[in-house]
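Subject: Structure handover and notes

Dear colleague,

Please find the structure below, with the notes I promised to send along with it. I would be glad if you read them with the structure open beside you.

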Amino acid sequence: MSNNTNAMMGFAPALGWNSWNTFTWDINEQLIRDVADVFVTEGYRDAGYEYIVIDDCWSLKERDADGNLVVDPAKFPSGMKALADYIHDKGLKFGMYSCVGTHTCAGYPGSFEHEFQDAALFAEWGVDYLKYDYCFKPRHVSGELLYKRMSLALKNCGRDILFSACNWGEDNVYEWIRESGAHMYRSTGDIRDNWDSVKELALSQLGKQSYTGSFCHNDMDMLIVGMYGGSNSDFIGSIGGCNDIEYKTHFSLWSMMGSPLMIGCDVRKANQATKDILLNPDLLAINQDPEARGAYRIKPEPQWFHTDDVFMLVKVLTEGDLAIGFFNLSDSQRELSLQFWDMGLPYASGYSLSLYDCWEHKELGVFRERYAPVVAAHDCLVVRAKLVK
Ligand code: GLA
């Protein structure tokens, strides 16, 4: 049996779609096929989105007599292999879900003590991506060990399967996840479709920029862009969604901070504003920058004046440009003053910065020493800065 052959798998943050945020338990093969179709016809595939992932609730509640997981025939009557073939024929990749523990979070069989058997079955079905959750973990076994176990099973199952760990940032995951073999790891609890959740998750990962990078990306959870409260789960959607400015800021934070971007809305019904956000090529380029450096935070001057929810993020890009995000997560308009010396560019260098607005898609001009945009509440400005003499 051949082992992992794709040395570039997990190089950049994964881009794709996941069924959970909008559909939770209510999934079926027609929905998944429709999403694959839309990925092609609406330009998601061409923008770089690649993985179509079925989350929890796809199996029966019991394994079969041989201990294999069994696909729910009411939801997926053609079986997973046929669905994988359909997705592959569209030039896309197919993801599935299981769990470290005895059960998944929704109570279906988990992979505990079945890791190698399940990995072999996923390979047989043509799976390219496995999300691996953290519920029902026997307390006497270390989670670290169980992620190492599934990683090894996947790397030796005969198929290239990207390993997406999901332990919600628990048990000091930052300290051991990279060496486990996971290509990405969830660092936060579950996102909900409201502004407070976006803000809470983003703030929780500021300062964690050295724990992300190629082949092991910090996954801040799936996107809620375009959901507008449309989840069938009260937990995720009960507060009624965000407005487009907030979705834009959410997408900017996730892009700048190097998170995988897994779309969570019903892309079949996405409006133009949603598509403009999800398909923004300038933001996607920042997210997918080859060096995958974490973004560092700068407090605006004067520092004593600003609360922690007002900050700049700077990401050093491969070719020498800087991606700079001016984020105002507070509830009132703010001026965010960035002194270029805070990014290593003193006045004496003779360099200025030529700024390009990644949302308006236009040049803002050339600035020396400092730039201080006024940003509305919950909004952001993301620029690409080029050094010029
Ligand atoms: C956990 C995960 C979610 C989702 C659900 C499925 O809560 O964090 O992303 O996969 O389980 O039950």
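The notes below go through the domains, the core, the ligand and some individual residues.

This is a predicted model, in which local features need pLDDT of at least 70 and side-chain atom pairs count only at pLDDT 80 or more, whereas totals for chains, interfaces and linings use all residues. Residues are numbered from 1 along each chain as its sequence is written, and side-chain values use heavy atoms, with hydrogens and water left out.

Domains and core

The protein chain is divided into domain 1 (15-287) and domain 2 (296-388), with bounds that come from an automatic or database domain assignment. The C-alpha centres of domain 1 and domain 2 are 32 Å apart, and 22 residues of domain 1 are in contact with 22 residues of domain 2, where contact means heavy atoms within 4.5 Å.

The largest nonpolar core has 106 residues, and of these Trp58 and Phe251 touch the most other members. A nonpolar core here is a set of buried Ala, Val, Leu, Ile, Met, Phe, Trp, Tyr and Cys residues joined through side-chain atoms within 4.5 Å; buried means under 20% relative accessible area, exposed means over 50%, and partly exposed is in between, with a 1.4 Å probe and protein chains only. Helix H2 (residues 29-41) gives the most to this core, namely 6 residues; helices (H or I, at least four residues) and strands (E, at least two) are DSSP runs, numbered from the N terminus. Because domain 1 (15-287) and domain 2 (296-388) both give residues to this core, it lies between them. Apart from it there is another core, of 19 residues, among them Val314, Ile324, Phe340 and Leu381. As for Trp58, its contacts beyond four places in sequence include Ile27, Leu69, Phe76, Met80, Met96, Phe122 and Trp125.

The ligand

Around the ligand there are 13 residues, of which Asp55, Asp56, Lys131, Asp133 and Asp190 come nearest, a residue being counted as near if one of its heavy atoms lies within 4 Å. A polar side-chain atom of Asp190 lies 2.5 Å from an oxygen atom of the ligand, while for Asp56 the corresponding distance to a ligand oxygen atom is 2.7 Å, and for Asp133 it is 2.7 Å. The protein covers 94% of the 310 Å² of accessible area that the ligand has on its own, with areas from the Shrake-Rupley method and a 1.4 Å probe.

Backbone features

Most residues other than glycine have a negative phi, and most peptide bonds are trans. Cys57 has a positive phi of about 80° although it is not a glycine; Cys57 lies in the loop between strand E2 (51-53) and helix H4 (79-89), and is buried, with a relative accessible area of 3%. Phe136 also has a positive phi, of about 50°, and is not a glycine; Phe136 is found in the loop between strand E4 (129-133) and helix H6 (143-155), and is partly exposed, with a relative accessible area of 46%. The peptide bond from Glu301 to Pro302 is cis, with omega near -10°, and Pro302 lies in the loop between strand E9 (296-298) and strand E10 (310-316).

Helix H5 (residues 115-125) has as its buried residues Glu115, Asp118, Ala119, Leu121, Phe122, Ala123 and Trp125, and what covers them includes H4, strand E3 (93-99), E4 and H6. After H5 comes Gly126, whose phi is positive, near 90°.

Ser19, in the loop between strand E1 (15-18) and helix H1 (20-23), is buried, with a relative accessible area of 0%. Leaving aside neighbours within four places in sequence, Ser19 is in contact with Thr24, Ile27, Val53, Ile54 and Asp55.

The loop between strand E8 (261-263) and helix H11 (272-278) holds Ala270, which is buried at a relative accessible area of 17%. Ala270 touches Tyr44 and Lys275, not counting residues up to four places away in sequence, and its C-alpha atom is separated by 9.7 Å from that of Glu42, 228 residues apart along the chain.

With best wishes

Key. Polar contact = N/O pair within 3.5 Å; in protein donor to acceptor, adjacent residues only side chain to side chain.
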